[in-house]
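Please open the model in a viewer and keep the selection tool at hand.

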Amino acid sequence: MPSRVIELVVNGRHRELLVRPGMSLLGALRDGLGLTGAKRGCADGSCGACTVMLDGKPVLSCLVAVETVDGAAVRTVEGMAPDGPLTELQQAFVDGFATQCGFCTPGILMAAEALLAENPEPTREEVVRAISGSVCRCTGYTAIVDAILAGAEARRGVTV
Amino acid sequence: MLETVHVPPSVDEALLALRDGAVLMGGGTTVMPQVNTMPVEFTEVVSLRRAGISGIEVVDAVATVGATTTIAEIGADERLAFLRPVVQTFASPPLRNLATIGGNLFVPQPGGDFGVCLLALDATVAVAGPAGTRDVGVAEVLEHGVAAGEVVTAVSFPVPADGTFFYRKAMRRRYNSAAIVSVAAVLVREAGVVRSARVVLGGAGSRPVRAKAAEHALVGKPLDDASVAAAATAALADATTFDDAFASAWYRSRVLPVHFRRALLGG
């Protein structure tokens, strides 16, 4: 069967794109729409680098056949602060040196956003659990967990 | 090479789409890695995402869970709170938003944590096929799968009484890892003595293994250090441990009695 036209609402914007059979949501975002924030790491669900929000929930976009989610709402790292200043969470990553190569960062930001949406005041353990699907080979995670806790505090209006 | 992804809006249409040997896909967590990384031999995939078979019902203490209900949805349901220890040690939050309970029946060990639990719960599987629907024991599905052209539409199981369900999964990491070994059990006690026992082992065979020798060692005894130690040793006779990237067969056999004891007595 030939390629099909799929509709998605990506970062609040209605998009149409042509997809080949079996194309992943990740492939559609990166190759179809030029949104290269979500990364292709393992392609089998082990690394978390492709994590995006699908209808409000974090998922591994490499494991979603895009034809099965026609019409869905998708949020990627590009939608976090499209024009304005960085979000509290992003700023906390910058301030806390929570990135090195940066490959895992978009996926971890999405997993952390999902956590804070449900639980604005997480414990350290809850942060670790929330990002347990994301592999970082640079930082050793400590700075990332610290940054998520700091970002959550900033979002709650706590001054440190 | 993949030529078509069907997204049927009903089970009936899924069955029609399956007639020509298409591969079934639930949450995509086992099919998509193949599509992403290798030249697959199948040409058609049938996704059940929109087939209308997700959702949880609990009636008279019997839970019926639609096949495409995600692991995260199960974890969020208060009525199935006894399964939280299973959900919280199952992969990662983003994966739990995709993986389905029906699909998990077909994941070989040491994945497939829900297969281990559903066998302990003596679940029944609803299967739809070209000739109609049938109910089949989960043991049968775990061992032999379902026929080509059939679709698992739901699983149902009695919700165990408080304090009768036991679960432990030993992992290489605290989160997001397949099992080294896992133990799920439903133990009913009366007057301080184990009256009935269903004990299932994960990581102890290519499929979940019913630990009948361990069950036999428990029934009629109090649930204490001595009886559990005897049952934990007996469980080794039920296990066929194996080597993989997570652990060696030697290691699995070495630690199985330890985690068996922790599953039933804590610690």
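Domain bounds, as used on this tour, come from an automatic or database domain assignment. Residues are numbered from 1 along each chain as its sequence is written, while chains are lettered from A and ligands numbered from 1 in the order in which they are written. This is a predicted model, in which local features need pLDDT of at least 70 and side-chain atom pairs count only at pLDDT 80 or more, whereas totals for chains, interfaces and linings use all residues.

**Stop 1: the two domains of chain A**

Select residues 4-79 of chain A as domain 1 and residues 88-156 as domain 2. The C-alpha centres of these two domains of chain A lie 21 Å apart. Where they meet, 13 residues of domain 1 of chain A are in contact with 11 residues of domain 2 of chain A; two residues are in contact if their C-beta atoms, placed from the backbone, lie within 7 Å. On the domain 1 side, β3 and β4 of chain A are the elements that give two or more residues, and β3(A) gives the most, with 3 residues. Helices (H or I, at least four residues) and strands (E, at least two) are DSSP runs, numbered from the N terminus. By class, that side of domain 1 of chain A has 8 nonpolar, 3 polar and 2 charged residues. Here Ala, Val, Leu, Ile, Met, Phe, Trp, Tyr, Cys and Pro count as nonpolar, Asp, Glu, Lys and Arg as charged, and the others, Gly among them, as polar.

**Stop 2: A:Cys50**

Next, select A:Cys50, in the loop between α1 (25-32) and β3 (51-54) of chain A. Is A:Cys50 buried or exposed? A:Cys50 is buried, because 31 other C-beta atoms lie within 10 Å. A residue is buried if 20 or more other C-beta atoms lie within 10 Å of its own, exposed if 12 or fewer, and partly exposed in between, with C-beta atoms placed from the backbone. Leaving out residues up to four places away in sequence, the contacts of A:Cys50 include A:Leu26, A:Ala38, A:Leu60, A:Cys62 and A:Gly107. The C-alpha atoms of A:Cys50 and A:Ala38 are separated by 4.7 Å, although the two are 12 residues apart along the chain.

**Stop 3: where chain A meets chain B**

Now display both chains. Between them, 24 residues of chain A are in contact with 23 residues of chain B. On the chain A side, β4 (57-60) and α4 (124-130) are the elements that give two or more residues, and the largest share, 4 residues, comes from β4(A). That side of chain A divides into 12 nonpolar, 8 polar and 4 charged residues. For the complex, the predictor gives an ipTM of 0.96 and a pTM of 0.96.

**Stop 4: the two domains of chain B**

Chain B is divided into domain 1 (1-159) and domain 2 (165-265). Their C-alpha centres lie 25 Å apart. The contact takes 21 residues from domain 1 of chain B and 24 residues from domain 2 of chain B. Select α4 (84-88), α7 (113-120) and α8 (138-144) of chain B, each of which supplies at least two residues of the domain 1 side. Of that side, α7(B) gives the most, with 6 residues.

**Stop 5**

Select B:Cys117. Apart from neighbours within four places in sequence, B:Cys117 is in contact with B:Leu83, B:Val86, B:Tyr167 and B:Ala184. B:Tyr167 stands opposite B:Ala184 in β10(B). Strand β9 (residues 165-171) of chain B is largely enclosed by the rest of the structure, because 5 of its 7 residues are buried. Strands β9(B) and β10 (residues 179-190) pair in the antiparallel sense over 7 bridges; two strands pair if DSSP finds at least two bridges between them.

Follow β10(B) onward: 9 bridges join this strand to β11 (residues 193-202) of chain B, and the two run antiparallel. B:Ala185 stands opposite B:Val199 in β11(B). Their hairpin has 2 residues between the strands, and B:Ala191 takes a positive phi near 50° there.

**Stop 6: B:Glu190**

Finally, select B:Glu190, which lies in strand β10 of chain B. B:Glu190 counts as exposed, because it has 8 C-beta neighbours inside 10 Å.
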